[in-house]
Amino acid sequence: MNIATASISCPECGFVFWVPTAFYKMHLKDHENFYCPACDATLRYLEKTGMERCEEAVDKIRQDVETKQRVIQRLKDENAALERRRASQQGATTKLRRKLDKIHKEE
Ligand SMILES: [Zn+2]
């Protein structure tokens, strides 16, 4: 029988033992405890798997995008408000200019 195995080195006693790759992969993912067969120390994989790191990175990027979209929306709103103000000021300026022209003509 030929089973794929992964070696584990106990950080407590230094004992090296082999486990089926399926066991290794499962515990790498679920971070559940297992035990050193020599000293009975509680072991577990705390290190994040590549997939977990990827998911975290994707989450971070997603949050980043959402933050930037909120900033863009806020700037768009501010821009629209400024545009409305500019338009109304332009209207007022035009009105004043016409009034002034009329006064000049009357003189
Ligand atoms: Zn041990």
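**His-27 and the overall layout**

Analyst: Starting with His-27: it counts as partly exposed, because it has 18 C-beta neighbours inside 10 Å. The cut-offs are 20 or more other C-beta atoms within 10 Å for buried, 12 or fewer for exposed, and partly exposed in between, with C-beta atoms placed from the backbone. This is a predicted model: local features need pLDDT of at least 70, side-chain atom pairs count only at pLDDT 80 or more, and totals for chains, interfaces and linings use all residues. Residues are numbered from 1 along each chain as its sequence is written.

User: Where is His-27?

Analyst: His-27 is in helix H1. Helices here are DSSP runs of H or I with at least four residues, strands are E runs of at least two, and both are numbered from the N terminus.

User: What is His-27 in contact with, leaving aside its neighbours within four places in sequence?

Analyst: Glu-32, Phe-34, Arg-44 and Tyr-45. Contact means that the C-beta atoms, placed from the backbone, lie within 7 Å. Take Arg-44: it is 17 residues from His-27 in sequence, and their C-alpha atoms are 7.1 Å apart.

User: Switching topic. How many helices and strands are in the protein?

Analyst: Two helices and four strands. In sequence order the pattern is β-β-α-β-β-α. The protein is more spread out than a compact globule, because its radius of gyration is 35 Å, well over the 13 Å from the globule rule for 107 residues. That radius is taken over C-alpha atoms, and the rule is 2.2 Å times the number of residues to the power 0.38.

User: What does the C-alpha trace span along its principal axes?

Analyst: About 110 × 30 × 15 Å. Buried residues make up 0% of the 107 residues.

User: Which domains is the protein divided into?

Analyst: Domain 1 covers 5–43 and domain 2 covers 48–107. Those bounds come from an automatic or database domain assignment. The C-alpha centres of the two domains lie 57 Å apart.

User: What about helix H2: what should its 57 residues span at 1.5 Å a residue?

Analyst: H2 (residues 50–106) should span 84 Å, and its end C-alpha atoms are 83 Å apart, which agrees. The expected span is 1.5 Å times one less than the number of residues.

User: Now the strands. In what sense do S1 and S2 pair?

Analyst: Antiparallel, over five bridges, with S1 at residues 5–9. Strands pair if DSSP finds at least two bridges between them. Ile-8 stands opposite Phe-17 in S2. The hairpin has six residues between the strands, and Gly-14 there takes a positive phi near 85 degrees.

User: Is S2 in the open or buried?

Analyst: S2 (residues 16–20) lies largely in the open, because zero of its five residues are buried.

User: Back to phi. What is phi of His-31?

Analyst: Near 55 degrees, a positive value in a residue other than glycine. His-31 is in the loop between helix H1 (21–30) and strand S3 (34–35). His-31 is partly exposed, with 13 other C-beta atoms within 10 Å.

User: And Asp-40, where is that?

Analyst: In the loop between S3 and strand S4 (42–43). Asp-40 has a positive phi of about 70 degrees, although it is not a glycine. Asp-40 is exposed, with 11 other C-beta atoms within 10 Å.

Conventions
Contact = placed C-beta atoms within 7 Å.
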